[in-house]
Amino acid sequence: MVARPSVRGQPESLARLIDAARDTSPIAGLTHNFYRYPARFSPKLVRAAIDAFTEPGDLVLDPFVGGGTTLVEAMASGRHAIGTDISSLATFVSEVKTTLYGDEDLARLQRWCECIADGINILEPVANDAHYEEAGYTKHLDSAANWRLKKAIEQVIATARELKPKRLEDFARCVLLRTSQWALNGRKKLPSIDDFRAMLVTDAASMIDGARELRRAALDDRGREASQIICLNRSTKGLESDATFADGRRPRLVVTSPPYPGVHVLYHRWQVDGRKETPAPFWIANRLDGDGAAYYTMGARTKELNSYFANLKASLRSVAALCDRNTMIVQVVAFSQPEWQLSRYLSVADDVGLDECLLPSGTYAPDGRLWRTVPNRRWYADQRGTTNGSQEVVLFHRRRGG
Ligand SMILES: C[S@@+](CC[C@H](N)C(=O)[O-])C[C@H]1O[C@@H](n2cnc3c(N)ncnc32)[C@H](O)[C@@H]1O
């Protein structure tokens, strides 16, 4: 049997990484709760990986950036970061979460926050977004149960549109996105308009605090340079040819969680009135939806998952092309059937020239891998397996050769 390389790092930072993986406290702090992006990963784990494998000023890459957890943690710790995602909803959320809002911006958002409750009046008419409506983005929101909330959302969008510059409008839309997700997604009983109004104000206030906290952390004056954060709305496939990397920069750390094999996560829809899917989050964010579910999950849900693994291979090949021997690649992956999917996943990584690194013996799990349990995870595994999707593994790789 070929001996696998070990994860290199200071024992204390590896211990912190293991502790962070085991941590099950709820996601909090900075701008992380601007939106509950499905299958978002733990900021503590990301921060521990950044601390263990990079120095201030290094570049961190997240090729499946989702709601931007990696970008926020990189920014707060003085690293540069590039994130990419095929979903315009993901890049919308990531951009708002990593925008540095100045005092004047926050004061104007505060004033908006004080007026939004009055902007909602179900008896008043409101102009709807005809193009989004015609394109089906408000699907399933006209039912007897939902129309009031839809109208309230339209009225708040109208107030957000008046905010200039655009970063303020985007912040306001993100507040509405968060509150509307709470109000509509997966709910058996919808909140009243009064509750919606109150939650909107609470969310806006806590997001303004979060933006302040991120700015304090990012502008921490320990003499380090300000982070450059880039968010690309594109596929990871072919990323090595993107103009962003034309200067030859290489990430010191890749930290990411790709779509999971056999685990169906609804990244791009909310579920209303039972399980009816609506693309409303794209409407609220003022972004265009890409395609059906398979587009965001790297392939149709077949038993063998052939298109998933083919897409994974193309993406990991591009990630490998962007790395050098010094790049640590950390992936957090869940499986519906780990007994065969883990080995296939690892063989795809091997095929594109990535060597798996195991944790030093005695530090954690008997297989040298870092398994973790995710609290309160709600998703639907397509295939019955030995796991309910709440167990995931943290994998470490380095690029083979020179
Ligand atoms: C598990 S989520 C990432 C969640 C993220 N770690 C967070 O904390 O929010 C996986 C993401 O991969 C994106 N994705 C799927 N196929 C992609 C591709 N080919 N290129 C880039 N992103 C892709 C999906 O849109 C989804 O946002």
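Tutor: Happy to; we'll start with the whole chain and then look at some parts of it. Keep in mind that this is a predicted model.

Student: Okay, how many helices and strands does the protein chain have?

Tutor: There are 13 helices and 12 strands in the protein chain.

Student: And what does the C-alpha trace span along its principal axes?

Tutor: About 75 × 55 × 40 Å. The radius of gyration is 21 Å, which agrees with the value near 21 Å that a compact globule of 402 residues would have.

Student: What share of the residues counts as buried?

Tutor: That would be 46% of the 402 residues. Also, if you take the contacts with a separation of 6 or more, 78% of them come from residues 24 or more positions apart.

Student: Which domains is the chain divided into?

Tutor: Domain 1 is made of residues 11-95 + 220-262 + 301-399, and domain 2 covers 103-217. Their C-alpha centres lie 30 Å apart. In the contact, 13 residues come from domain 1 and 12 residues from domain 2.

Student: Which helices supply at least two residues each on the domain 1 side?

Tutor: H3 and helix H4 (88-97) do. H3 gives the most to that side, with 3 residues. By class, the domain 1 side has 7 nonpolar, 3 polar and 3 charged residues.

Student: Now some strands. Which residues are on the covered face of S3?

Tutor: In S3 (residues 229-233), Ile229, Cys231 and Asn233 make up the covered face, while Ile230 and Leu232 are on the uncovered one. S3 pairs with strand S2 (residues 80-85) in the parallel sense, over 5 bridges. Within that pairing, Gly83 stands opposite Cys231.

Student: Where is Leu358?

Tutor: Leu358 sits in the loop between strand S9 (354-357) and S10. Leu358 has 19 other C-beta atoms within 10 Å, so it counts as partly exposed; the cut-off for buried is 20 or more.

Student: What does Leu358 touch, leaving out residues up to four places away in sequence?

Tutor: Arg4, Ser6, Val7, Gly368 and Arg369. As for Phe396, it is 38 residues from Leu358 in sequence, but their C-alpha atoms are 6.9 Å apart in space.

Student: Last one: how many residues surround the ligand?

Tutor: The ligand is surrounded by 23 residues, and the closest are Arg40, Phe64, Gly66, Gly67 and Thr69. The shell divides into 11 nonpolar, 9 polar and 3 charged residues.

Notes
Residues numbered from 1 in each chain as written. Predicted model: local features only at pLDDT ≥ 70, side-chain atom pairs only at ≥ 80, totals over all residues. Domains from an automatic or database assignment. Contact = placed C-beta atoms within 7 Å. Helix = DSSP H or I, 4+ residues; strand = E, 2+ residues; numbered from the N terminus. Nonpolar A, V, L, I, M, F, W, Y, C, P; charged D, E, K, R; others polar. Buried ≥ 20, exposed ≤ 12 C-beta atoms within 10 Å, placed from the backbone. Pairing = 2+ DSSP bridges. Rg over C-alpha atoms; globule rule 2.2 N^0.38 Å. Near = placed C-beta within 6 Å.
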